[in-house]
Amino acid sequence: MTFARFTLAYWCVLIAAILPIVCAGIAKWGMTSKPRREGGYDNDNPRSWLAQQTDWRARANAAQQNSFEALPFFIGAVIIAHQLGAYQARLDLLAFLFVFLRLLYIMMYVAGLSTVRSMVWTLAFLVNIGILFIGYR
């Protein structure tokens with residue numbers, strides 16, 4: 001019986017799946033211990049509370065939503081690349097680059113650097129396309 005190896009690219013999928021949770025944590029940072037009546041985090045209505053946030057908290061929430069949106073394409077691209085027998089070192093490198101760019105994207109989003117954020121988003125998207133086609137022969 002042969003067992004599949006958990007590649008670096010697969011670890012990157014796990015990290016990418018955790019990124020939206022990290023963004024949610026950033027949006028809620030420091031507000032979970034504050035009472036609701038004083039604007040603290042409302043765990044009974046978290047989406048309503050997040051929708052009322054402004055500045056960096058609102059941007060962190062938007063980064064969370066975008067991280068969820070980017071996830072299916074990344075997962076699919078990695079799986080397809082593995083299925084097509086992509087050269088593993090290249091696939092791992094591109095998957096790592098994608099996660100790095102997504103982390104940078106989140107930082108730029110929270111910081112309010114919209115032009116840089118858009119450029120990083122574009123680079124991450126192009127890397128994801130590269131992952132999709134890396135196994136194409």
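I count Ala, Val, Leu, Ile, Met, Phe, Trp, Tyr, Cys and Pro as nonpolar, Asp, Glu, Lys and Arg as charged, and the others, Gly among them, as polar. The model is predicted, with local features needing pLDDT of at least 70 and side-chain atom pairs pLDDT 80 or more, while totals for chains, interfaces and linings use all residues. Residues are numbered from 1 along each chain as its sequence is written, and side-chain values use heavy atoms, with hydrogens and water left out.

Pocket. On a 1 Å grid over the protein atoms alone, a pocket is an open set of points with protein on both sides within 12 Å along at least five of seven lines, a cavity is a set where a 1.4 Å probe fits but cannot get out, and lining residues have an atom within 4 Å of a point. I read about 200 Å³ for the largest pocket. I sorted its lining into 5 nonpolar, 3 polar and 2 charged residues; among them are Lys28, Tyr41, Arg47 and Phe68. Helices (DSSP runs of H or I, at least four residues) are numbered from the N terminus, and H2 (46-51) and H3 (55-83) each supply at least two lining residues.

Contacts. I listed what Ile106 touches (heavy atoms within 4.5 Å): Leu19, Cys23, Ile26, Ala63 and Ser67, leaving out residues up to four places away in sequence.

Cavity. Ala16, Leu19, Ser67, Ala70, Leu71, Phe98 and Arg102 line it. H3 gives the largest share of that lining, 3 residues.

Conventions: Points joined across faces, edges and corners; volume = space filled by probe spheres on them.
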